[in-house]
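Hello,

Here is the structure we talked about. My notes on the ligand site and the salt bridges follow below.

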Amino acid sequence: MKKVSTESSRIELSRDEMREFGYRVVDLLVEHFANLEREPVGKKGDPDRLVPLFDHDPPETGRDPNELLAQLERDVFPSNLHVDHPRFFAFVPGPNNFVSTMADALAAGFNVFNGTWLGGSAAAAVELGVVRWLCRTCGFPDSAGGLFVSGGSMANLTALVAARNALLKDRIDGATIYFSDQTHSSVQRALHVVGFLRDQVRKLPSDGNFRLSIRDLREAIAADRAKGLRPFCIVANAGTTNTGAIDPLSELANLATAEKMWLHIDGAFGAAAILSERGRALLPGIELADSISLDPHKWLFQSFECGCVLVRDVALLKSAFQIKPDYLRDVHRHETEFNPGDHGVQLSRSFRALKVWLSLQTFGVSAFRQAITRGFELAEIAERELRARKGWEILSPAQMATVCFRSGESDELQTQLVDLMMRDGYALLTSTELRGVASLRLCTINPRTTEQDIVGTIERLDNFAREINKRG
Ligand SMILES: Cc1ncc(COP(=O)(O)O)c(C=O)c1O
């Protein structure tokens, strides 16, 4: 294709042009998936080089999209970290699958409107089906339901809006909320967005295992009640981002019930592990929550953006969000129809459920169970390799596919190791802070990671640490 053959007033390609461009895109993606482990894990781009490349007005006359694809191959895709790479262990990796990617193309290609039953009936039915399966998987009763959202941040926000509406009738004066210092920043941001002030938020120090302490929580709630405040919500973690720690969910649920408080469980990272036997054994009590965040774009191997919020009583989600404007009168004529847009922030929304449905149907749940179990095992292999070498301290042992560790005494050394690994390009990890000290951290949820990937990564880290120590 030399030049787009359409008349200038039409935003269209011919059939042949669509095919040629579409096949090239598919070929590019197939090569990406097939060759990923042989590619570098990616590097952070240089703003002085990248920003000027795109800081232009678009052309008046169109260009050949195949040429543009070549430009993207050169200037865009290599200058991002490959979060789906088997040796990407930083933050929370995004090990998506090809079927999920194709589902995104289908959802976008048919431009499915997933906001209302009227606009996208079958899409709403697919979403209901997948969400109900996730609810059953988490042990929720038939009253439960939920919604696909952009990710964990939006899931936490959506759940907290439901909690505020259900328990406070949206009057937040004097209402207080409790979670550990290991809780993801999106919870604090969500509270800010929904109007809570800092002095209504109790971020409690976590215990020796990075878990919320029931005793401290009880005391904090009692102290607030004594001051005439209104404790209304506990946010618990089913897998913290830092260490994979799981708060004592059953005890927290009992406490929440006794105190007539809402229990939200942030399982954006860890709740999907419930599909595996090992995860299920670690998550008793999750079924007692009032709401759960669960991110399929993390440990359920979906492409971004795919988060999910589940609510024990889905009617509460609807009460919190439904508004019936004049121009949606045809949408709201039938009360029993499921309108996703009545259950969250977005009205126009993409068909996220499709990728989860299509990949579950394609590979079967058993493949997902095994892939999740592999994440647990890989972190344990990393811990074993570290313990077998001198000079490494485990700061948080392998749990929920996460292990935290450090070399030597200085925080600066951990930062240097992150930088050296990034420059080296074989594997990528990032650091965090645990009880005031810098810690390296591996998150091993990518099922395409091999044992050799882990061993090779630890070997490199060990070599780099020794070189730095030798230089003194
Ligand atoms: C425990 C936890 N909660 C919430 C989030 C936020 O999720 P997202 O980045 O999908 O908005 C994350 C992200 O890593 C997380 O690990």
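**Ligand site**

S153 places a polar side-chain atom 2.6 Å from an oxygen atom of the ligand. Keep in mind that this is a predicted model. T241 also has a polar side-chain atom by a ligand oxygen, at 2.9 Å. D266 faces a nitrogen atom of the ligand instead, with a polar side-chain atom 2.7 Å away. On its own the ligand exposes 390 Å², and the protein buries 84% of that.

In total, 15 residues surround the ligand. G152 and H297 are among the closest. By class, the shell has nine polar, three charged and three nonpolar residues. α6 gives the most, with three.

**Salt bridges**

The whole structure holds 27 salt bridges.

- R352 and E305: the closest N and O atoms are 3.8 Å apart. The pair links distant parts of the chain, 47 residues apart. R352 is buried, at 6% relative accessible area, whereas E305 is partly exposed at 45%.
- E335 and K324: the closest N and O atoms are 3.2 Å apart. Both residues sit in the loop between α12 and α13, eleven residues apart. E335 is partly exposed at 44%, and K324 is partly exposed at 48%.
- R466 and D462: the closest N and O atoms are 3.1 Å apart. They are four residues apart in helix α16, so about one helical turn separates them. D462 is buried at 7%; R466 is partly exposed at 49%.

R466 and D462 also belong to a salt-bridge network with R384, E385, R389, E451 and E459.

Best wishes

Terms used: Residues are numbered from 1 along each chain as its sequence is written. This is a predicted model: local features need pLDDT of at least 70, side-chain atom pairs count only at pLDDT 80 or more; totals for chains, interfaces and linings use all residues. Side-chain values use heavy atoms; hydrogens and water are left out. A residue is near a molecule or strand if one of its heavy atoms lies within 4 Å of it. A polar contact is a pair of N or O atoms within 3.5 Å; within protein, one must be able to donate a hydrogen and the other to accept it, and residues adjacent in sequence count only if both atoms are side-chain atoms. Accessible areas come from the Shrake-Rupley method with a 1.4 Å probe; for residues, only the protein chains shown count as cover. Helices (H or I, at least four residues) and strands (E, at least two) are DSSP runs, numbered from the N terminus. Ala, Val, Leu, Ile, Met, Phe, Trp, Tyr, Cys and Pro count as nonpolar, Asp, Glu, Lys and Arg as charged, and the others, Gly among them, as polar. A salt bridge is a side-chain nitrogen of Lys or Arg within 4 Å of a carboxyl oxygen of Asp or Glu. Buried means under 20% relative accessible area, exposed over 50%, partly exposed in between (1.4 Å probe, protein chains only).
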